[in-house]
Amino acid sequence: MSNPILSALTPNQLKLEILREHFPQAVEVDAQGRLRINPAGLQQAIDPSNPAGIQVEEDGYELRWVGKREAYHSAFVPVQKIINPLPNESKNWDTTGNVLMRGDNLDALRLLRHSYFGAVKLIYIDPPYNTQSDAFIYRDDFSAKQSEVLTQLGYSADNIDYIKNIYGARTHSGWLSFMYPRLLLAKDLLKDDGVIFISIDDNEQAQLKILCDEIFGQENFVADVLWQKKYSVSNDDPGIGVMHDHILIYKKSDAFERNLLPRTDSHNSRYSNPDKDPRGEWTSGEYVSSKSKTERPTLWYSIKHPKTGEEIWPEEHAVWRYSEEKHLEMEAEGRLHWGNNYSFKRPRLKRYLHEVQQGIVPNTWWTFDECGHNDEAQKETAELLAQKVFSTPKPVRLLQKIIRLGSGKDDVVMDFFAGSGATGEAVMRLNAEDGGHRKFILVQIPQPIDPKKQKEAHSFVTQTLGKQEATIFEITAERLRRTGAKIEAEQAAKQAAAGGLLPEEISLVDTGFRVFDLVDDPDALIISKPLQDATQDDVKKLQAAIA
């Protein structure tokens, strides 16, 4: 990575420093030397006219679960991992700006926070859906040190045991404790104008929405997109067939601005020029509004049919969309369309292609025909890897739409639940299409592949790739390698067809990536033990590490 791993302040420490700098009268030290915030002093500094000070409400609206405080703390515990560079497993190590990390994403985010704080434009994640069907692979370590912290936070022994049990459990509490620290760290990684997209299903959508409101702020909620992930309902579905997933979108701050989406042939196919209009291709839009004449009396008037001279009124419970003055202007400009041979009873308005925005305003309903579906995603990975290895990957078209919508051509895109590596492929393919220089950071846990339940995937890793240990990470990395090779071949073909030179708008794509492994930091493991608990062996290890 280009930036060193530094010792950065936690969010709480940063906030305390801001308070000390701007409101020193609100920060006090008690008799035991502990810091405390004086709310009255803070209120007086902010609003001296209010003698009552800050009013603390005991009851309020919030998301609560057992283990929440510890989950918050776990985001900012001292990092006990280091990154081990793996050039031999990488591609174009010396020139690439892309990163692929192997390890638990909580450890990775803690490390990345030091080097990429406020540097990532867009994060997309597809976390575990908590469906109760499969084992929960992310089982966050619950150390003795964390038990000590819980005791300091006021937890009873029974509660501590309960929290230990819910770690990795497929319950709302366990899932929220899993997501909370990761989203806290993700927020720190986002730029001020950054945005996060989170795929989720109905099992946890409600909980996730409230959790994100708390972390990112309700005011930073952008949209809840429904993605049509299937093209048909399963015939054996015992209930109401689920056809969609949710994609929750949150911005870091008001600095975020969404992009328009590119117009496609399907959008432009509605435009034609059957009457040889000199203003070019056009389509027609409604001239009647659903507002009533009671609501908009000035839009209730009659117009004359250009052929028969008949007096034409809007429909009984409707009005025209435009004022009478504006109507006369458009009539004079020849913008009213009355159908072939004046066959329409009421006119429609000509809308010209050259007048529409260069892009499409995104909406919250994303259909499979524009974004792909699960079956398409399966076929993509199967074609690239020469066999089916994933059951529910995300289609590249869906990821491309997300990246187009939320980032620019030179931004950093992150996915810390990388899975099949679709986000990395989407970044490379977009760069190949528009000449962009986006970089990706992917994180994937080395999840073991069950040789019985996932025979094809296990065979692919152990036999095709020749790896001793079959993990999902190996498939992630191999997809990136094969995607890069395919893009390189496509660009070479274009270059040959163009006489050896690529078109100016197309640049060579960064198809490489640096691989890093997260491993235990021996120094951190030694010094993390309280001195009174240290043994002679611990001292020898520490002496050896220092030497």
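The legends below describe close-up views of a predicted model.

**View 1. A three-stranded open sheet with antiparallel pairing.** In this view of the predicted model, the 3 strands follow one another in the order β10-β16-β15, and they form an open sheet whose pairing is antiparallel. The edges of this sheet are β10, which spans 282-285, and β15, which spans 336-337, and each of these edge strands pairs on one side only. Strands of a sheet pair through backbone hydrogen bonds, which may run in either a parallel or an antiparallel arrangement.

**View 2. The pairing of β15 with β16.** Strand β16 covers residues 348-352, and it is joined to β15 in the antiparallel sense over 2 bridges. Within this pairing, Leu336 has Leu349 of β16 as its bridge partner.

**View 3. Strand β20 and its pairing with β4 and β19.** Strand β20 is made up of residues 439-444 and is mostly covered, with 5 of its 6 residues buried. Strand β4, residues 99-102, pairs with β20 in the parallel sense over 4 bridges, and strand β19, residues 412-415, likewise pairs with β20 in the parallel sense, over 4 bridges. Ile441 of β20 is the bridge partner of Val99, and Met414 also stands opposite Ile441 in β20. Between β19 and β20 the chain passes through helix α14, residues 422-434, and this β-α-β crossover is right-handed.

View 4. When residues up to four places away in sequence are left aside, Thr476 touches Leu100, Ala418, Gly419, Ser420, Gly421 and Gln444.

**View 5. Ser459 in helix α15.** Helix α15 runs over residues 455-464 and contains Ser459. The relative accessible area of Ser459 is 24%, and because this value lies between the limits of 20% for buried and 50% for exposed residues, Ser459 is described as partly exposed. Along the chain, Ser459 and Ile449 are 10 residues apart, and their C-alpha atoms are separated by 9.6 Å in the model.

Note on methods. Residues are numbered from 1 along each chain as its sequence is written. This is a predicted model: local features need pLDDT of at least 70, side-chain atom pairs count only at pLDDT 80 or more; totals for chains, interfaces and linings use all residues. Side-chain values use heavy atoms; hydrogens and water are left out. Two strands pair if DSSP finds at least two bridges between them. Contact means heavy atoms within 4.5 Å. Buried means under 20% relative accessible area, exposed over 50%, partly exposed in between (1.4 Å probe, protein chains only). A crossover is right-handed if, with the strands pointing away from the viewer, the path from the first strand over the helix to the second runs clockwise.
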